[in-house]
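Student: I would like to learn how to read the features of a model like this one. Please give the general idea each time, then the case at hand.

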Amino acid sequence: PIKHYELLHPGYKGNMSDIHAAIGLAQLRRWKELNEKRSIVWNIFEDAFGWREPGHSKSLFMIRVKERDAFRQRMYEAGIGTGVHYNPIHLEPGFRFLGKKLGDFPMAEKIGLSTVSLPVSSTMTEEDAHRVVKEAKKWMGEAH
């Protein structure tokens, strides 16, 4: 289901277990292969949405849409996962102590509340990527 993560407390996150490290090392041995597969999806998205950024790590492909949460729901109903990775920090529960509210940083809010991450994975096929594009473009082409 559609969920947003929330920052409840400011702090640091640096907790990798030995198991996570072992998985990471195994993945690093396959980095070139996995990155090539991810690049296929990434290139399809770049071509479709007209956005190019040389040297990108290809980890998150983000687009801006009107009615972000409704867009995410529609994509979910189509069997496509999306993410929200950059909410305006002053709106996160863990930063309420700053005393900031909606409207205090309009540009951050405009960008943060309209940005959604599309799925990018080395397990995706070209067909998967084209389906994501088709569903996203369908939403973008409608009156939202």
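Student: Which residues of α2 are buried?

Tutor: Buried means under 20% relative accessible area, exposed over 50%, and partly exposed in between (1.4 Å probe, protein chains only). Helices (H or I, at least four residues) and strands (E, at least two) are DSSP runs, numbered from the N terminus. In α2 the buried residues are Leu 34, Ser 39, Val 41, Trp 42, Ile 44, Phe 45, Glu 46 and Phe 49. This is a predicted model, where local features need pLDDT of at least 70 and side-chain atom pairs count only at pLDDT 80 or more, while totals for chains, interfaces and linings use all residues. Residues are numbered from 1 along each chain as its sequence is written, and side-chain values use heavy atoms, with hydrogens and water left out.

Student: What covers the buried residues of α2?

Tutor: Contact means heavy atoms within 4.5 Å. The cover includes α1 (18–29), β1, β2 (115–118) and α5 (126–141).

Student: How many aromatic pairs are found in the whole structure?

Tutor: Rings of Phe, Tyr and Trp (its six-membered ring) pair if their centres lie within 6.5 Å; planes under 30 degrees apart count as stacked, over 60 as edge-to-face and the rest as tilted. The search gives six aromatic pairs. For Phe 45 and Phe 49 the ring centres are 6.4 Å apart and the planes stand at 65°, so this pair is edge-to-face. Ring pairs also join Trp 42, Phe 45, Phe 49 and Phe 61 into a cluster.

Student: How many residues apart are Phe 45 and Phe 49 in helix α2?

Tutor: An α-helix has 3.6 residues a turn, so residues three or four places apart point the same way. Phe 45 and Phe 49 are four residues apart in α2 (residues 31–49), which is about one helical turn.

Student: What span should α2 have?

Tutor: The expected span of a helix is 1.5 Å times one less than its number of residues. With 19 residues, α2 should span 27 Å, and its end C-alpha atoms are 26 Å apart, which agrees. Gly 50 follows α2 and has a positive phi, near 65°.

Student: Which residue other than glycine has a positive phi?

Tutor: Glu 67 has phi near 55°. Glu 67 sits in the loop between β1 (61–64) and α3 (68–77). Its relative accessibility is 46%, so Glu 67 counts as partly exposed.
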